[in-house]
Amino acid sequence: MTDNKELILYVDDEQKNLDSFKVLFRKDYDIKLAASAVEGMQIMDQKDVKLVITDQRMPNMTGVEFLEKISDIYPDVTRVILTGYSDEEAIISAINKGKVFRYITKPWKR
């Protein structure tokens, strides 16, 4: 951890979203970025992540699937899902399966 800042992991398959997120929050938080759920899991295994924010629609593993996978391994990590799609079924699934703290729709504002 850098300068005693809380560590946030942001997982999104769109590089521009990753870059924008880091620019907005790097001053106040230690930001780790992952372009896939697999990469996100590798970071989770190596770092003391406090908050995970993930996009819902990603190739190979959705955000809900990723959060569901980490919820048993890292039960104390706060989980947030971010998506541009307002799919009610995905929202319910995220809350139930991924034990999501918040579901935020894009575009989001700081």
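**Close-up views of a predicted model**

Phe21 and Phe25 lie four residues apart in helix H1, which means that about one helical turn separates them. The model is predicted: local features require pLDDT of at least 70 and side-chain atom pairs pLDDT 80 or more, whereas totals for chains, interfaces and linings use all residues. Residues are numbered from 1 along each chain as its sequence is written, and side-chain values use heavy atoms, with hydrogens and water left out.

**View A. Phe21 and Phe25 form a tilted aromatic pair.** Rings of Phe, Tyr and Trp (its six-membered ring) pair if their centres lie within 6.5 Å; planes under 30 degrees apart are stacked, over 60 edge-to-face and the rest tilted. By this rule there are two aromatic pairs. In the pair of Phe21 and Phe25, the centres are 4.7 Å apart and the planes make an angle of 40°. Phe21 and Phe25 are both buried (under 20% relative accessible area; exposed is over 50% and partly exposed in between, with a 1.4 Å probe and protein chains only). Together with Tyr10, these residues form one aromatic cluster.

**View B. S1, helix H1 and S2 make a right-handed β-α-β unit.** Helices (H or I, at least four residues) and strands (E, at least two) are DSSP runs, numbered from the N terminus. Helix H1 covers residues 15-25. A crossover is right-handed if, with the strands pointing away from the viewer, the path from the first strand over the helix to the second runs clockwise. Strands S1 (residues 7-11) and S2 (residues 30-34) pair in the parallel sense over five bridges; pairing requires at least two bridges found by DSSP. Tyr10 has Leu33 in S2 as its bridge partner.

**View C. The side chain of Lys5 reaches two backbone oxygens, those of Arg26 and Lys27.** Lys5 belongs to the segment before S1. The distance is 3.1 Å to the oxygen of Arg26 and 3.1 Å to that of Lys27. Beyond neighbours within four places in sequence, the contacts of Lys5 (heavy atoms within 4.5 Å) include Asp28, Tyr29 and Asp30.

**View D. Glu14 and Lys16 form a salt bridge.** The term denotes a side-chain nitrogen of Lys or Arg within 4 Å of a carboxyl oxygen of Asp or Glu. The closest N and O atoms of Glu14 and Lys16 are 3.4 Å apart. Glu14 is partly exposed because its relative accessibility is 33%, whereas Lys16, at 55%, is exposed.

Technical notes: A polar contact is a pair of N or O atoms within 3.5 Å; within protein, one must be able to donate a hydrogen and the other to accept it, and residues adjacent in sequence count only if both atoms are side-chain atoms.
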